[in-house]
Amino acid sequence: MTMRAYNESYLREAMVNLADFFDYAVNKYNMPCEDVWKKFAGSDLAVQFGKANPKVIAGSSGAELFYSLYDTIAGDKEIASVLIHTPLSKSPEYWCGWILAYYQWAYNTSFKTLQDKLSFEKLLSLYPALHEIDEQQAAEILHERLTNASPTKLSMLRKARELKQAELAALSGVSLRSIQMYEQRNKDINKAQAESLHALARTLSCAIEDLLEN
C-alpha cells in the first residue's frame with residue numbers, strides 16, 4: 001500500500017486551503033491557471049505543503065498561501081486570515097486544488113512530479129466528469145490515467161457495484177490494506193488465499209475467476 005504523504009488529520013484542511021489558493025489566484029486576480037500551477041509546483045511552498053508543515057497547512061489560509069507565493073502583489077493581506085475555510089466559490093479551479101491536495105496525499109507524490117505529468121487545463125477538462133464523485137474515486141481514476149495502467153478486475157467490479165474500498169473491506173472481511181494492494185497491483189490477487197477470494201467474489205456477486213488477472 002502506498003504510504004500516505006502525512007497524517008490524515010491534516011488532510012481536510014490541506015484540501016480546503018489548496019482549493020482556496022487556486023480559486024483565489026484565478027478568480028480574484030485573473031491569473032492564468034497554468035502559470036499558477038507551475039509556479040506553485042516548483043516552489044518551496046509546495047514542498048512544505050506536501051510535507052504537511054503545520055505553519056503552511058494549519059497556520060495559513062488559501063489566500064495567505066497565495067500572498068506568500070506572490071509577495072509582490074499589493075493585495076488585501078489584512079483580510080487573508082479571515083478567509084480560512086471560507087472559499088470564494090466552488091469553482092472548477094476550487095475543485096482542482098481540492099483533488100490535487102488529495103491526490104498528493106493519497107499517492108505520496110511531489111507536486112512537481114504531478115505537475116510534470118498533468119497540466120491544469122487537463123485537470124480542468126476532467127471537472128465535469130469527476131467533481132460530483134468523492135475524492136477517493138476521483139483520485140483513483142486520475143491515477144489510472146496518469147500511470148496509463150488499466151484498472152484491475154477487482155477495481156472494475158467494485159466500482160460497478162458502487163462500493164468504496166473501505167465498504168468492500170467491511171462487507172467482505174478482507175482487509176482494506178489488502179484490497180488497496182490488489183487494486184494497485186502491489187500484491188498479486190492470483191496468489192490470494194482462497195478464503196479471501198471467496199469472500200470478495202461473494203460480496204461482488206461474481207465468480208472467483210472474474211477477479212483473477214491474466
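At the start of helix 9, which side-chain oxygen reaches to within 2.9 Å of the backbone nitrogen of Gln136?

Author: That oxygen belongs to Asp134: at the start of helix 9, a side-chain oxygen of Asp134 comes to within 2.9 Å of the backbone nitrogen of Gln136. A polar contact here is a pair of N or O atoms within 3.5 Å; within protein, one must be able to donate a hydrogen and the other to accept it, and residues adjacent in sequence count only if both atoms are side-chain atoms. The model is predicted, so local features need pLDDT of at least 70 and side-chain atom pairs count only at pLDDT 80 or more, while totals for chains, interfaces and linings use all residues. Residues are numbered from 1 along each chain as its sequence is written, and side-chain values use heavy atoms, with hydrogens and water left out.

Helix 9 covers residues 135-147. Helices (H or I, at least four residues) and strands (E, at least two) are DSSP runs, numbered from the N terminus. The expected span of a helix is 1.5 Å times one less than its number of residues. For the 13 residues of helix 9 this gives 18 Å, and the end C-alpha atoms are 18 Å apart, which agrees. The buried residues of helix 9 are Glu135, Gln137, Ala138, Ala139, Glu140, Leu142 and Leu146; buried means under 20% relative accessible area, exposed over 50%, partly exposed in between (1.4 Å probe, protein chains only). An α-helix has 3.6 residues a turn, so residues three or four places apart point the same way.

As for the protein around this helix, there are 13 helices and zero strands. Of the 214 residues, 50% count as buried. With contact meaning heavy atoms within 4.5 Å, residues 24 or more positions apart account for 70% of the contacts with a separation of 6 or more.

Helix 13 (residues 194-204) has as its buried residues Ser196, Leu197, Ala199, Leu200, Ala201, Thr203 and Leu204. Their cover includes helix 10 (153-160), helix 11 (165-172) and helix 12 (176-183). Ser205 follows helix 13 and has a positive phi, near 55 degrees.

Next, the aromatic rings. Rings of Phe, Tyr and Trp (its six-membered ring) pair if their centres lie within 6.5 Å; planes under 30 degrees apart count as stacked, over 60 as edge-to-face and the rest as tilted. By this rule there are 21 aromatic pairs. Phe21 and Phe22 form an edge-to-face pair, 5.0 Å centre to centre with 85 degrees between the planes, and both residues are buried. The rings of Trp37 and Phe111 are also edge-to-face, because their centres are 6.5 Å apart and their planes lie at 85 degrees. Trp37 is in helix 2 (residues 33-41) and Phe111 in helix 7 (residues 111-117), so this pair ties together parts that are 74 residues apart in sequence. Trp37 and Phe111 are both buried.

Ser91 lies in the loop between helix 5 (62-69) and helix 6 (92-107), and counts as buried because its relative accessibility is 9%. Apart from neighbours within four places in sequence, Ser91 is in contact with Asp23, Asn27 and Tyr127.

On confidence, pLDDT is the predictor's confidence in each residue, from 0 to 100. The protein averages 87, and 90% of the residues score at least 70. Over residues 78-85 pLDDT stays under 50.
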